[in-house]
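This report describes the architecture of one protein model. The sequence and the structure come first, and the description follows.

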Amino acid sequence: MIVLKFADKDLIVVGAGIAGIHAAIAASRRGLDVMLVERNGSVGGISTVGLCSPFMRFWLGNESLVSGIFEEVLFDLHRRGGLLRNSFDSEILKIVYLEKLKKAGVMLALHSIPSKVISTGRTIMRVSFLSSSGCMFSGRAKMFIDSTGDASLAKMADATLLSGNDDGRNQALTLMFTMSNVDFERIREDVRSRRENFFKWVSPDSNPLSVAGYFEEVDEAIKKGFNRLHDYFFFIELPGTGRVSVNTTHSFGRDPTDPFALGQSVTECMEQIDQLLSFSRKYVRGFEEAKIEKIAGDVGVRESRRIKGLYVFTGSDVRAHRKFEDGLVKATYGIDIHSAETQKMTEKVKNSVPEYSDYYEIPLRALVSSEFDNLFTAGRCFSSDFEGQSAGRIMPTSAGMGQAIGMACALALESDKSVSTLSKNRIIEGLIEITDRESEHSFERILREGV
Ligand SMILES: Cc1cc2nc3c(=O)[nH]c(=O)nc-3n(C[C@H](O)[C@H](O)[C@H](O)COP(=O)(O)OP(=O)(O)OC[C@H]3O[C@@H](n4cnc5c(N)ncnc54)[C@H](O)[C@@H]3O)c2cc1C
């Protein structure tokens, strides 16, 4: 094995999903020398390769709860025609991310994973990385951020990890896909005329159009031998013409960190996609001429391992809309668990309509490892219980965590303080200082103008 390079950095971020990207950009803009290491050949994780859209609720009334670099991303997507209110185009998002990483001066290493972590006491000293071409490189840094979603860096450092519900079972996995050639007028008419055939929250006038249900059609198709369907069909409008993102496949009871289980998940989801194509063309009004446009390159993992931080964020923090002295990331999205066992619908789920009346905060301490002084996290592997993670995992909140911890790392190194002692206001001011003014309040403008 050849050791290619030795990188000596201020900060190494592992995992270039939405959380890691925001962390790397924030830290680099503040002056840190940053390396971002990603296992895929593209950046963005679930937000791009995983084809997830839209950005789930991150606003209250007309006020956006996540600003900073995330608002710049929205602004740049909008400018390029890649945003429909909160729904976005995954390919344009890749362009936006890479442009921002390059401008910020972040060193990007692709197709690489950590292979060994060297630590002394409470400090991570060095990480060796292995690339898919069989080369190794080694990175020393003052600080490390694990934004792998699976807490893979922390796992290699032998840190304590949390995972799954009380029985240790993880949420269901979903392979997302997009379809084109969809007739939205027919869909809206259908929803208007048969409201009971859909979840109660579905509105024919929503923008982007988001529809879940088709209970009658699914029942009938199952009777006719469509044996891979679950209880409902769910899609969301994408920017462009006649395009939707479909969030309907489910793989239950698999360990998302087991490569063989992932192989089974992708295979069974692909079989479901095959059947969903025929189902939608045959049964769903407006999908008669629909085509599969893209299938995600990575199966969507909602939840796997989580890092144990100085604070473990909980479902009761979400329900109580709890605020903290070090509450850095504001969010309003509620607890959202896709069962580990089944997608069976209950009347309660069909009739529930989410309410957004207040926000909660994720504290800085939930982004700081309790075992290593220079290990931090952001995104879906943040320090949380099963319910807390199910709310905090969404893309805008993951972006908010990323930019907050990236800035906190930079300020801590600048002032020779530990991250957890930094004042919340200083971190927020730091983020304001590095944010492009042009994009300020861009999402609030979009909400007001109804674009
Ligand atoms: C099916 C599904 C649907 C969803 N729908 C929505 C939605 O509609 N709206 C919404 O807001 N949120 C949604 N979410 C949640 C949201 O997309 C994710 O929780 C969020 O994107 C997580 O971001 P992240 O950066 O923490 O993780 P990820 O996007 O998973 O990024 C982690 C990155 O780390 C890389 N990586 C992993 N391991 C390693 C390693 N060992 N070495 C190097 N790199 C590594 C991965 O390749 C990836 O790029 C959905 C999630 C799923 C699974």
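Which residues does threonine 435 touch, not counting residues up to four places away in sequence?

## Threonine 435 and the basis of the model

Threonine 435 touches Gly68, Ile69 and Glu72, contact being defined by C-beta atoms, placed from the backbone, that lie within 7 Å. Threonine 435 is found in the loop between helix H12 and helix H13 (442–449). With 19 C-beta neighbours inside 10 Å, threonine 435 counts as partly exposed; a residue is buried if 20 or more other C-beta atoms lie within 10 Å of its own, exposed if 12 or fewer, and partly exposed in between. Methionine 395 is 40 residues from threonine 435 along the chain, and their C-alpha atoms are separated by 19 Å.

The model is predicted: local features need pLDDT of at least 70, side-chain atom pairs count only at pLDDT 80 or more, and totals for chains, interfaces and linings use all residues. Residues are numbered from 1 along each chain as its sequence is written. Helices (H or I, at least four residues) and strands (E, at least two) are DSSP runs, numbered from the N terminus.

Helix H2 covers residues 69–79, and ten of its eleven residues are buried, so the helix is largely enclosed by the rest of the structure. The buried residues include Ile69 and Glu72, which are also among the residues that threonine 435 touches. H2 is followed by glycine 81, which has a positive phi near 75°.

H2 packs with H13 at an angle of about 50°, their axes being 8 Å apart. Axes are lines fitted to C-alpha atoms, for helices over the stretch in contact, and angles run from 0 to 180 degrees between N-to-C directions. The two helices, H2 and H13, are therefore oblique to each other; angles under 35 degrees count as roughly parallel, over 145 as roughly antiparallel, 65 to 115 as roughly perpendicular and the rest as oblique. Glu71, Leu74, Phe75 and His78 of H2 make the contact with Ser442, Phe443 and Ile446 of H13. By class, this contact of H2 with H13 has four nonpolar, two polar and one charged residues. Ala, Val, Leu, Ile, Met, Phe, Trp, Tyr, Cys and Pro count as nonpolar, Asp, Glu, Lys and Arg as charged, and the others, Gly among them, as polar.

## Helices H11 and H12

H11 and helix H12 (residues 424–434) pack at an angle of about 105°, with 9 Å between their axes. That angle makes H11 roughly perpendicular to H12. H11 contributes Gln403, Ala404, Met407, Ala408 and Leu411 to the contact, and H12 contributes Arg426, Ile427, Gly430 and Leu431. These residues divide into six nonpolar, two polar and one charged.

## Ligand shell

The ligand is surrounded by 38 residues, of which Gly15, Gly17, Gly45, Gly300 and Gly379 are the closest; a residue belongs to the shell if its C-beta atom, placed from the backbone, lies within 6 Å of the molecule. Helix H1 (18–29), strand S8 (112–120) and helix H11 (395–415) each supply at least two residues of this shell. By class, the shell has 17 nonpolar, 15 polar and six charged residues.

## Domains

An automatic or database domain assignment gives the bounds of domain 1 (3–165 + 306–319 + 362–449) and domain 2 (177–295). Their C-alpha centres lie 31 Å apart. Domain 1 and domain 2 each give twelve residues to the contact.

Methods: Two residues are in contact if their C-beta atoms, placed from the backbone, lie within 7 Å.
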